[in-house]
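This briefing walks through one protein chain by topic, beginning with the terms and the overall fold and then turning to individual elements. Please keep the sequence and the model in view while reading.

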Amino acid sequence: MSPDVSVILPRVLIVSRRSLRKNKFVDFVGEYHLDLVVGYGAVPVIVPRVSGVHMLLDSFEPIHGVLLCEGEDVDPSLYEAETSNLSREELEEIRRIHASDTAIDREKDSIELRLAKLCLERNIPYLGICRGSQVLNVASGGTLYQDIEKEVSKKIHESQRVKHMDYDNYDGHRHVVKVVENTPLHDWFRDSLEEDKMEILVNSYHHQGVNKLAQRFVPMAFAPDGLIEGFYDPDACNPEEGKFIMGLQFHPERMRQDDTDKFDYPGCPRAYQEFVKAVIVYQKKLNSSSTSVPRLLKLDQAMEKKRKNIVRSFFLARNIYTTGQRMNPSKESELQAGAEFLESNTALSLQQENRLKQMGATVRNAGSYIERLRMNEEREDLAKNVMGKMSVEQLSDLLSFYHMMGQICSEVLDRKLNGIVHGIGS
């Protein structure tokens, strides 16, 4: 017996990071992230970074939240890397200095970008830490610096330069960021900020960062070198309503005092707390919408026979339209039920009724469908040529858009047809 969805704790998907240990790959997720998610009332569901998982994400439903964190550099081909002025020698030097981070993991990129776009499409709560913030920005159309030292630090005065990572002091490294007023970050760290400085010390570990911030986002913090250290979507950040879309380049979960679990500031865990709060509300809204779907109307024998005739009529018409084949004259009478159903429906506006009558006439004379299909072939060929010149990322965005529109149309059509069936039974 399947458990009641109303008593299942909300599920937060976290993608693992791959590491080589004893000549074998091991998938892992930092325990600080897991502790905070569990501590605030959600269940972490680890998505393994293995080949093909990006095609199996439907199997991880229901998804109530997504937390993306550490990992290698995002593949530069996924954003406007061609605008970089880095030379081949500079790129080779970057790969040598940051060897553990510059090994591109395209499978992880694919999994995480799909999840990020899913969150943006369905307003699923999303928290991105470090790499997770970069993935969110790229998924929304933003770009990244391939290397902060080469593309930012060398262009500014030495006094403004920031050390964003320290390989020898991962947990203890801190640098200053200035918090932007009237943002969630300002609210969380308010009691720790001096009014004239608005600064906190953060832990970070990255050599890349946000270059062009996607249009939907607003910055929440800046490093002295101008790099954005945190951003959010103000139109999708209200935990009480189940909304939360945010990226933090620094690591609040690691900002703890030496040899203790005590945070540097009371505001450090708030991103996780508010994220899980949104996840819990999102789950309740999702459960409510799934349980409020009206039950199908039970028809008597006569009405059920009529329904089957109508469905059969539409089925035949669809086959004629999609295959382009003419119908056996002996079966043309079977189209009559569908035509009469379309023409007799009066629970619509005059304009809709006229359109349905036209559709009914078309069902009777299915040859017009074939002609329209032939006329569309040229347009389809043109569309294929255009899409053939599009990048994989552009095609992925286009597919996601039409998938979303298909879901919306399906839901609206179901409601309309349900209303029509109720009208027949009354």
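A residue is called buried when its relative accessible area is under 20%, exposed when it is over 50%, and partly exposed in between, with a 1.4 Å probe and protein chains only. The model is a predicted one, in which local features need pLDDT of at least 70 and side-chain atom pairs count only at pLDDT 80 or more, while totals for chains, interfaces and linings use all residues. Residues are numbered from 1 along each chain as its sequence is written, and side-chain values use heavy atoms, with hydrogens and water left out.

**Overall fold**

- The chain holds 12 helices and 13 strands, where helices (H or I, at least four residues) and strands (E, at least two) are DSSP runs numbered from the N terminus.
- Of its 426 residues, 42% count as buried, and the accessible surface comes to about 24,500 Å², with 52% of that belonging to carbon and sulfur atoms; the areas come from the Shrake-Rupley method with a 1.4 Å probe, and for residues only the protein chains shown count as cover.
- Among contacts (heavy atoms within 4.5 Å) with a separation of 6 or more, 72% are between residues 24 or more positions apart.

**The nine-stranded sheet**

- An open sheet with mixed pairing has the strand order E4-E1-E5-E6-E13-E12-E11-E8-E9, two strands being paired if DSSP finds at least two bridges between them.
- Strands E4 (43-47) and E9 stand at the edges with a single partner strand each, so one side of each has no neighbour in the sheet.
- On average, neighbouring strands of this sheet are turned by 25 degrees against each other, direction ignored; axes are lines fitted to C-alpha atoms, for helices over the stretch in contact, and angles run from 0 to 180 degrees between N-to-C directions.
- Strand E8 (residues 175-179) pairs with E9 in the antiparallel sense over four bridges, and Lys178 stands opposite Glu199 in E9.
- Strands E12 (residues 228-238) and E13 (residues 243-248) run antiparallel and are joined by five bridges, and Gly230 has Leu248 in E13 as its bridge partner.

**Helices across the sheet**

- Helix H1 (residues 31-39) lies across E1 (11-15), E4, E5 (65-68) and E6 (126-129), running at about 140 degrees to E4.
- In H1 the buried residues are His33, Leu34, Leu36 and Val37. They lie on the same side of H1, because they cover an arc of only 165 degrees around the axis, the arc being that of the directions from the helix axis to the C-beta atoms.
- Exposed Glu31 and Gly39 sit on the face of H1 turned away from its buried side, and just after the helix Gly41 takes a positive phi of about 110 degrees.
- Helix H4 (residues 131-139) lies across E5, E6, E12 and E13, at about 120 degrees to E6.

**Cysteines**

- A search of the whole structure finds zero disulfides, a disulfide being a pair of cysteine sulfur atoms within 2.5 Å.
- For Cys130, the nearest cysteine sulfur is that of Cys69, 9.0 Å away.
- Cys130 counts as buried because its relative accessibility is 7%, and Cys268 counts as buried at 1%.

**Around Met387**

- Met387 is in helix H11 (residues 367-388) and is partly exposed, with a relative accessible area of 33%.
- Leaving aside neighbours within four places in sequence, Met387 is in contact with Leu395 and Leu398.
- Met387 and Leu398 are 11 residues apart in sequence and 9.6 Å apart in space, C-alpha to C-alpha.
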